[in-house]
Amino acid sequence: MTLGTYQTPVRHHQKILGSVLCVDDDPVVQLMLGDIVRIAGGDYHKADCARTAEDMLGQSRFDLILLDRKLPDSDGLLLLRTIKQSSDCPVIVLTSMNEDHDKILGLGLGAEEYVTKPFSPGELSSRVRSLLVQRLEKQRQTHLDPISLGRLFFQAGTRLLRVDTAEVYLPPAESRLLHAFLLEPGVPQSRDDLTRYVCGRDWTAGDRTVDVLVARLRRRIPPGTAKIVTIHRFGYVLNRVD
């Protein structure tokens, strides 16, 4: 990815939607990310290594993090794990490592998105804006009405899932997926609709994000409570189990 193939945008959103930390040691990529974030409506901040990022995270609150895998002092996924241990800040992993197991590992550690390089600046800006808008909306609706389905209780505002007396706070992406299912239990939902609701973008052939999240969510729901059923070549449906 070089400046020779990238033209600096000239339009920026006026309203600041949130603060974005971009962790990447490539100055050319940082230049691009700065414009991408500003166009999306974000307040751009940068760090060129994991240590600097950790220092900044200890001093300031961020609404989104763009995180490169190959940092000079660490694997970005190690930093991701550290972030998710103490924060619900959404993270987009940016990397040239595009094997399926790399993506599954990144999503399994809590990343909302796993974007491979080279990426489309316009598409990434759209994703950044979508996540910032979603986070704003969550902050405004921290006391959403709880949803119950049999023995299952879910509070979207706090991401609390309770089954009988067992409680767990879901990661953001899993929480959005469960919320989508619970809003329409028993109604089949396409991968495209679920991807829009969870990720803020359209589903594309080969995109396994929703499938990975469904697999993780299935492990959260005990047998005899509810069941996420796969609909071949379409999507999924959440059914109550009586």
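In the hairpin of β13 and β14, three residues lie between the strands, and R233 adopts a positive phi near 60 degrees. This is a predicted model, in which local features need pLDDT of at least 70 and side-chain atom pairs count only at pLDDT 80 or more, while totals for chains, interfaces and linings use all residues. Residues are numbered from 1 along each chain as its sequence is written, and side-chain values use heavy atoms, with hydrogens and water left out.

Strand β13 (residues 226-231) pairs with β14 in the antiparallel sense over six bridges; strands and helices here are DSSP runs numbered from the N terminus (E, at least two residues, for strands; H or I, at least four, for helices), and two strands pair if DSSP finds at least two bridges between them. Within this pairing, I228 has L238 of β14 as its bridge partner. Strand β14 (residues 235-240) also pairs with β12 (residues 189-190), again in the antiparallel sense, over two bridges.

Helix packing comes next, with α8 taking part in two arrangements. The axes of α7 (residues 191-199) and α8 are 9 Å apart, and the helices pack at an angle of about 80 degrees. Because of this angle, α7 counts as roughly perpendicular to α8. Axes are lines fitted to C-alpha atoms, for helices over the stretch in contact, with angles from 0 to 180 degrees between N-to-C directions; angles under 35 degrees count as roughly parallel, over 145 as roughly antiparallel, 65 to 115 as roughly perpendicular and the rest as oblique. R191, L194, T195, V198 and C199 of α7 make the contact (heavy atoms within 4.5 Å) with T209, V210, D211 and L213 of α8.

Helix α4 (residues 100-108) and helix α8 (residues 209-220) have axes that come within 11 Å and cross at roughly 50 degrees. The angle therefore makes α4 oblique to α8. On the α4 side the contact involves K103, I104, L107 and G108, and on the α8 side T209, V212 and R216.

As for confidence, the protein averages a pLDDT (the predictor's confidence in each residue, from 0 to 100) of 87, and 91% of the residues score at least 70. Among the elements, the lowest mean, 85, belongs to α7, and the highest, 96, to strand β3 (residues 64-68). Over residues 1-14 pLDDT stays under 50, and the model has 23 contacts beyond four places in sequence for them. Where pLDDT is low, the predicted coordinates should not be read in detail.
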